[in-house]
Amino acid sequence: MAAESVDVVVVGMGPGGEDAATRLAQAGLSVIGVDGRLLGGECPYYACVPTKAMVRAAGVVAEARRVHELAGSATVTPDWTIVAARIRDEITDNWNDSAAVERFEKAGGQFVRGWGTITAPGEVTVRTDSGERVFHPARAIVLNPGTAPAVPPLPGLEGTPFWTNRDAVAVTEVPASLIVLGGGPVGVEFAQIYARFGAQVTVLGGRRLLPNDEPEAAELLTKVFTSEGISVRTGAHATTVDHDGATFTVHLDNGEQVRATRLLVATGRRTDLAALGIGVLGLDESAKSIPVDDRLRAADKVWALGDITGRGAFTHTSMYQARIAVADILNQHTTGAEYHAMPHVTFTDPEVGAVGLTEAQAREQGLTIRTGLAQLPDSTRGWLHKAGNQGLIKLVEDTDRGVLVGATSVGPDGGEVLSALVVAVHAEVPTSTLRDMIYAYPTFHRAIESALDALGPV
């Protein structure tokens with residue numbers, strides 16, 4: 001089989017891969033984009049985009065139910081068929097990527113549906129339904145394979161009709177009851193969505209909900225879930241799973257059993273580095289991530305983006321990295337990647353946004369810190385907002401340098417309020433400067449001023 005000579009091969013066309021491939025094609029390079037699944041990756045079809053449409057729908061239901069506390073009375077009848085139709089027809093185009101493929105090809109790229117493997121330095125072999133194609137990219141190989149749902153090896157789980165996030169996005173009917181295995185962002189978002197549409201939901205959250213966020217955020221979210229009728233089980237772990245054809249039973253290590261008609265497994269993500277063939281480059285295929293430098297270089301003429309770099313499974317991470325990698329491939333000047341102000345948002349109600357280090361992470365790094373905490377219900381905007389006003393602002397200050405190294409914003413539009421804190425952490429704005437700012441009144445972000453006061457005197 002004759003090899004095809006091109007400038008660039010991008011293996012994995014998730015958000016970062018698609019962005020990099022498009023930019024390189026628009027720069028005039030011959031670019032092959034490779035993916036065995038949908039062009040665009042997890043985000044537009046099974047993750048960020050459809051789930052936020054679901055969150056929006058669940059939020060409208062919740063707001064309608066709050067009318068009696070603020071404005072009168074209302075009868076709320078949730079209808080999942082409207083949500084399912086919007087996900088299918090408007091959001092994902094029935095899980096069809098033809099528009100994305102067309103967009104990429106109009107930019108000058110060529111899309112090959114298949115699975116790409118580096119079979120030698122400077123060589124990528126793609127397995128397609130019609131056979132193999134071999135490419136020799138002269139300029140670059142870009143790796144952006146993303147991740148797949150990680151399914152734990154629980155006895156009894158294999159072979160049962162459990163859901164992953166991909167299934168939970170595509171359902172057309174809300175189950176009567178649902179067990180969510182995992183208390184991370186994916187698990188808690190789906191838990192609240194389905195509960196608000198009538199499912200009886202139990203979250204098996206391990207140590208606590210949102211284990212990578214501040215404990216104050218987890219505690220607040222647990223209280224909100226409990227108030228909404230969501231059962232949160234923490235401190236116990238699943239040991240086995242049974243399915244009798246109609247009902248799941250999850251056995252816990254404390255002797256309890258939890259039953260529901262559906263089981264959503266939301267226990268993290270996994271990647272298969274061996275399938276990429278990076279061993280031929282001298283890289284460790286058994287590792288959890290690929291080490292890269294600040295220009296995203298993984299090896300000679302090889303760049304890696306996104307989840308596989310170990311910097312967080314976020315669309316915004318891979319898009320940020322794509323910009324830097326493309327500039328490097330095109331020999332353009334660019335600032336190297338910096339991750340000290342990495343933001344993330346969990347789109348529950350209240351939203352949980354965070355940037356930089358948690359208090360625990362800062363202490364583990366040996367920093368001398370102090371923290372400030374403000375509760376949103378105690379703020380003027382929180383008092384005015386009343387129903388659904390739960391939230392907090394937590395700041396983590398490096399006292400030796402007088403700058404914030406981390407912050408958490410929980411509340412209505414908590415992810416939007418976070419933006420001011422992202423700027424503060426990224427630019428290392430002195431805490432004294434933040435204290436001297438004027439914060440608009442009455443806003444949720446004005447609680448940042450209260451959190452600064454809670455840090456204590458300068």
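This is a predicted model: local features need pLDDT of at least 70, side-chain atom pairs count only at pLDDT 80 or more; totals for chains, interfaces and linings use all residues.
Residues are numbered from 1 along each chain as its sequence is written, and side-chain values use heavy atoms, with hydrogens and water left out.

**Helix α1 with helix α11**

- Helix α1 (residues 15-26) and helix α11 (residues 315-329) pack at about 30°, with axes 8 Å apart. Helices here are DSSP runs (H or I, at least four residues), strands are runs of E (at least two), and both are numbered from the N terminus. Axes are lines fitted to C-alpha atoms, for helices over the stretch in contact, and angles run from 0 to 180 degrees between N-to-C directions.
- α1 and α11 are therefore roughly parallel to each other.
- On the α1 side, the residues in contact (heavy atoms within 4.5 Å) are Pro 15, Gly 16, Asp 19, Ala 20, Arg 23 and Leu 24. Among their partners in α11 are Met 319, Ala 322 and Val 326.
- Sorted by class, this contact has seven nonpolar, three polar and three charged residues. Ala, Val, Leu, Ile, Met, Phe, Trp, Tyr, Cys and Pro count as nonpolar, Asp, Glu, Lys and Arg as charged, and the others, Gly among them, as polar.

**Helix α8 and its two partners**

- Helix α8 (residues 185-196) packs with helix α9 (residues 215-227) at about 25°, their axes 11 Å apart, so α8 and α9 are roughly parallel.
- The α8–α9 crossing is left-handed. Val 188, Ala 191 and Gln 192 of α8 meet Leu 221, Val 224 and Phe 225 of α9, giving five nonpolar, one polar and no charged residues.
- The axes of α3 and α8 come within 9 Å and cross at roughly 45°, which makes α3 oblique to α8.
- The crossing of α3 and α8 is left-handed. The contact includes Val 55, Ala 58 and Gly 59 of α3, plus Phe 190 and Ile 193 of α8.

**The second largest pocket**

- This pocket holds about 470 Å³ of space. On a 1 Å grid over the protein atoms alone, a pocket is an open set of points with protein on both sides within 12 Å along at least five of seven lines, and lining residues have an atom within 4 Å of a point. Points are joined across faces, edges and corners, and the volume is the space filled by probe spheres set on them.
- Its lining has 24 residues, and Gly 59, Thr 348, Asp 349, Glu 351 and Asp 413 lie nearest the centre.
- α3 (48-65) gives the most to the lining, with seven residues.
- The lining divides into eight nonpolar, six polar and ten charged residues.

- Most residues other than glycine have a negative phi, and most peptide bonds are trans.
- The bond from Asp 349 to Pro 350 is cis, with omega near 10°, and Pro 350 is in the loop between β18 (343-346) and β19 (351-356).
- Another cis bond joins Tyr 441 and Pro 442, with omega about -10°.
- Leu 210 has a positive phi, near 45°.

Note on methods:
Angles under 35 degrees count as roughly parallel, over 145 as roughly antiparallel, 65 to 115 as roughly perpendicular and the rest as oblique. A crossing is left-handed if the near helix is turned anticlockwise from the far one by less than a right angle, and right-handed if clockwise. On a 1 Å grid over the protein atoms alone, a cavity is a set of points where a 1.4 Å probe fits but cannot get out, and a pocket is an open set with protein on both sides within 12 Å along at least five of seven lines; lining residues have an atom within 4 Å of a point.
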